[in-house]
Amino acid sequence: MVCKECSGVNTLLDIIISGLTVGALYAVGTVALSVLWGNLGMLNMAHGAMLGIGGYSSYVLVNSFDLPWWLGLPCGMAGGIVVGLLLYYLIVRWMFEKPEFTLNIIIATIGVALLFESLTVNFFGGQGQKQPFIFEGFIRLGKSTLPYQTLVIIGASVVLMLIVGGILRRTNMGLVIRASAQDRAAASLMGVPTRKVMAQVMALAGVVTAVSGVMVTSLTTLHPSVGHDPMLRALIFCCVAGLGNINGAVYVAFALGLFEMTIQYTVAAQFGLPTVLGLVILLLIWRPEGLFGHARVSHS
């Protein structure tokens with residue numbers, strides 16, 4: 001005889017563990033996309049490529065220098081800083097003050113994403129690689145298991161989001177970033193180095209995206225198109241929260257992550273994403289500016 005009550009408790013535990021893990025992964029990627037939109041008005045379509053670069057930086061540096069597994073995360077972060085600054089100095093810096101920046105940067109970053117994917121295939125091939133950032137083992141909770149890797153991912157995600165929030169709210173760097181985002185012309189007249197601020201924002205977004213890349217690939221495999229699905233979800237969650245609303249993006253990522261896992265466990269795995277997308281459509285019909293966004297009034 002199977003205890004239905006025990007089975008229900010195990011299913012609930014599985015949903016919570018999987019939902020929090022997925023939510024943490026989604027939240028980190030969503031924060032990175034939201035930071036750029038909220039501070040630069042930039043929709044970064046190279047987000048998936050930056051995520052992949054974080055994963056490959058960890059893979060290459062750890063394996064090349066025979067480093068311990070836990071150094072995979074700082075190795076990925078180093079790659080994220082480099083790609084964020086390169087993206088700024090090679091592209092964003094030259095396009096930012098030009099007309100139609102919002103549209104042109106979308107096209108430019110799509111090009112960057114395609115270039116990254118092509119180069120990755122040439123250097124590493126199209127087959128999947130194993131991410132070295134893996135903490136083996138698990139804790140048994142009844143018939144459910146809680147992998148140590150899940151605890152690492154949730155813990156690292158929460159710490160990273162707290163650090164990003166602290167930087168933006170409680171440091172001089174965050175103060176000038178927020179001042180520049182609110183009124184760049186006024187901030188410049190007050191002596192704020194707006195170009196330096198933009199470089200800092202790009203580096204910060206690069207670090208956060210790279211961390212997301214390392215953690216995502218630790219649960220799946222590392223391959224050239226690994227950033228496609230996380231970027232789609234990050235974009236969806238940003239829109240639901242309200243573009244540029246970092247706190248709202250985190251809440252939405254965890255809520256929809258738990259909702260998706262609930263559907264997968266109680267209905268069927270293949271219905272998880274379609275159901276989430278259906279819910280997202282209904283939410284955006286109801287609140288086009290996002291759950292935590294504000295309607296904008298344009299003056300002609």
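Predicted model: local features only at pLDDT ≥ 70, side-chain atom pairs only at ≥ 80, totals over all residues.
Where does Asp66 lie? Asp66 sits in the loop between H2 and H3. Residues are numbered from 1 along each chain as its sequence is written, and side-chain values use heavy atoms, with hydrogens and water left out.

**Overall build**

- The chain has 11 helices and 2 strands. Helices (H or I, at least four residues) and strands (E, at least two) are DSSP runs, numbered from the N terminus.
- Along the sequence the pattern reads α-α-α-α-β-β-α-α-α-α-α-α-α.
- The radius of gyration is 20 Å, close to the 19 Å that the globule rule gives for 300 residues, so the chain is as compact as a globular protein of that length. That radius is taken over C-alpha atoms, and the globule rule is 2.2 Å times the number of residues to the power 0.38.
- Taken along the principal axes, the C-alpha atoms fill a box of roughly 75 × 50 × 35 Å.
- Of the 300 residues in the chain, 46% are buried. Buried means under 20% relative accessible area, exposed over 50%, and partly exposed in between (1.4 Å probe, protein chains only).
- Among contacts with a separation of 6 or more, 76% join residues 24 or more positions apart. Contact means heavy atoms within 4.5 Å.

**H8 and H3**

- Helix H3 (residues 72–95) packs on helix H8 (residues 194–219) at an angle of about 140°, with the axes 7 Å apart. Axes are lines fitted to C-alpha atoms, for helices over the stretch in contact, and angles run from 0 to 180 degrees between N-to-C directions.
- H3 and H8 are therefore oblique to each other. Angles under 35 degrees count as roughly parallel, over 145 as roughly antiparallel, 65 to 115 as roughly perpendicular and the rest as oblique.
- The crossing of H3 past H8 is right-handed. A crossing is right-handed if the near helix is turned clockwise from the far one by less than a right angle, and left-handed if anticlockwise.
- Residues in the contact of H3 with H8 divide into 16 nonpolar, 5 polar and 2 charged. Ala, Val, Leu, Ile, Met, Phe, Trp, Tyr, Cys and Pro count as nonpolar, Asp, Glu, Lys and Arg as charged, and the others, Gly among them, as polar.

**H8 and H2**

- The axes of helix H2 (residues 47–64) and H8 come within 7 Å and cross at roughly 65°.
- H2 also passes H8 in a right-handed crossing.
- On the H2 side, the contact includes His47, Met50, Leu51 and Ser58, and on the H8 side it includes Ala205, Thr209, Gly213 and Thr217.
- By class, this contact of H2 with H8 has 5 nonpolar, 9 polar and no charged residues.
- Gly213 lies in H8 and counts as buried, at 0% relative accessibility.
- Beyond its neighbours within four places in sequence, Gly213 is in contact with Leu51 and Gly55.
- Gly213 and Val112 are 101 residues apart along the chain, and their C-alpha atoms are separated by 17 Å.

**H8 and H5**

- The axes of H5 and H8 come within 11 Å and cross at roughly 170°. That makes H5 roughly antiparallel to H8.
- H5 residues in the contact include Gln149, Ile153, Leu160 and Leu168, while H8 residues include Leu204, Val208 and Met215.
- This contact of H5 with H8 has 11 nonpolar, 3 polar and no charged residues.
- Thr150 is placed in H5 (residues 148–170) and is buried, at 6% relative accessibility.
- Leaving aside neighbours within four places in sequence, Thr150 is in contact with Ile17 and Thr21.

- Ala27 lies in helix H1 (residues 4–40) and is buried, with a relative accessible area of 0%.
- Apart from neighbours within four places in sequence, Ala27 is in contact with Met161, Val250, Ala253 and Phe254.
- Ala27 and Gly257 are 230 residues apart in sequence, yet 9.1 Å apart in space, C-alpha to C-alpha.

**Loop residues with positive phi**

- Asp66 is not a glycine, but has a positive phi of about 50°. Asp66 is exposed, with a relative accessible area of 71%.
- Glu100 lies in the loop between H3 and helix H4 (101–124). Its phi is near 60°, a positive value in a residue other than glycine.
- Glu100 counts as exposed, at 56% relative accessibility.
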